[in-house]
Amino acid sequence: QAKTFFEGKGYDVFSITHNGLHSLDLLEMAKTKLSLYSPSLTIIQCGIVDCAPRVLKDREILLAKILRLQRPVRYIAGKYHARLSQWRDISLFTKAQFKQYLSEALSYLKTVEGNRVVIVPIAPANKAYVSISPRIKA
C-alpha cells in the first residue's frame, strides 16, 4: 500500500481506498476533495466496479429490498451468477461512460500545479474469478 511505503520518508499521504468506489466517485473527488490537498502525485487504480458484469441492476436490488425478498434474490443471484451475468450483460457503467468519467477526473487532477498522475491497471482476473464471472475478462 502506498501509505505504508511512503510513511517516514518525508511524504504526506492521503489515501482513499474503499471497495465499491467507481469512476463517477473519482470524478466527484477530483472536483472537490483531491484538489484541496495540492498533491504532487496521484495514484489511481479503478475500473473493476464500473465495468464488471452484474446480475442485477441497482433498482432491482432496491425493489427486492422493498419487497423483503433480499435473501432469495441474493441466493439465486449467487448460485447462478455466472450464467445470469452472461445472459443479462449488465454493468454499472458502459465503457464509454467509464472512459468519460476517468478522462474528466484526470483533467481536474492535472489542473493542480505540479501534480503527476499515475494510473495502475487492475490485475488480470484469475481462473477462479472467471469461473464465477465469465465476462470479467471482457
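Predicted model: local features only at pLDDT ≥ 70, side-chain atom pairs only at ≥ 80, totals over all residues.
Ile-66 counts as exposed, because its relative accessibility is 60% and the cut-off for exposed is over 50%. I placed Ile-66 in helix H4, which covers residues 58–66.

I then checked the surroundings of Ile-66. Ile-66 belongs to a nonpolar surface patch with Leu-62, Leu-63, Leu-67 and Leu-69. Together these residues have about 490 Å² of accessible area.

Next I searched for salt bridges and counted one. In it, the side chains of Glu-60 and Arg-88 meet at 2.8 Å, N to O. I noted that this pair joins distant parts of the chain, with Glu-60 in helix H4 and Arg-88 in helix H6 (residues 81–88), 28 residues apart. Side chains of opposite charge can pair when their charged atoms come close.

I looked up the exposure of both partners. Glu-60 has a relative accessible area of 25%, so it is partly exposed. Arg-88 is at 26% and therefore also counts as partly exposed.

I turned to the whole chain. I found eight helices and two strands, in the order α-α-β-α-α-α-α-α-β-α from the N terminus. The C-alpha trace spans about 50 × 30 × 30 Å along its principal axes. I read a radius of gyration of 18 Å, whereas a compact globule of 138 residues would have one near 14 Å.

Of the 138 residues, 23% are buried. The protein exposes about 10300 Å², with 56% of that supplied by carbon and sulfur atoms. Among contacts with a separation of 6 or more, 78% are between residues 24 or more positions apart.

Methods
Residues numbered from 1 in each chain as written. Heavy atoms only, no water. Patch = residues over 30% accessible without salt bridge, like charges linked within 9 Å, V, L, I, M, F, W, Y side chains within 5 Å. Areas by Shrake-Rupley, 256 points an atom, 1.4 Å probe, with all protein chains shown as cover. Salt bridge = Lys/Arg side-chain N within 4 Å of Asp/Glu carboxyl O. Helix = DSSP H or I, 4+ residues; strand = E, 2+ residues; numbered from the N terminus. Buried < 20%, exposed > 50% of the residue type's maximum accessible area, 1.4 Å probe, protein only. Rg over C-alpha atoms; globule rule 2.2 N^0.38 Å. Contact = heavy atoms within 4.5 Å.
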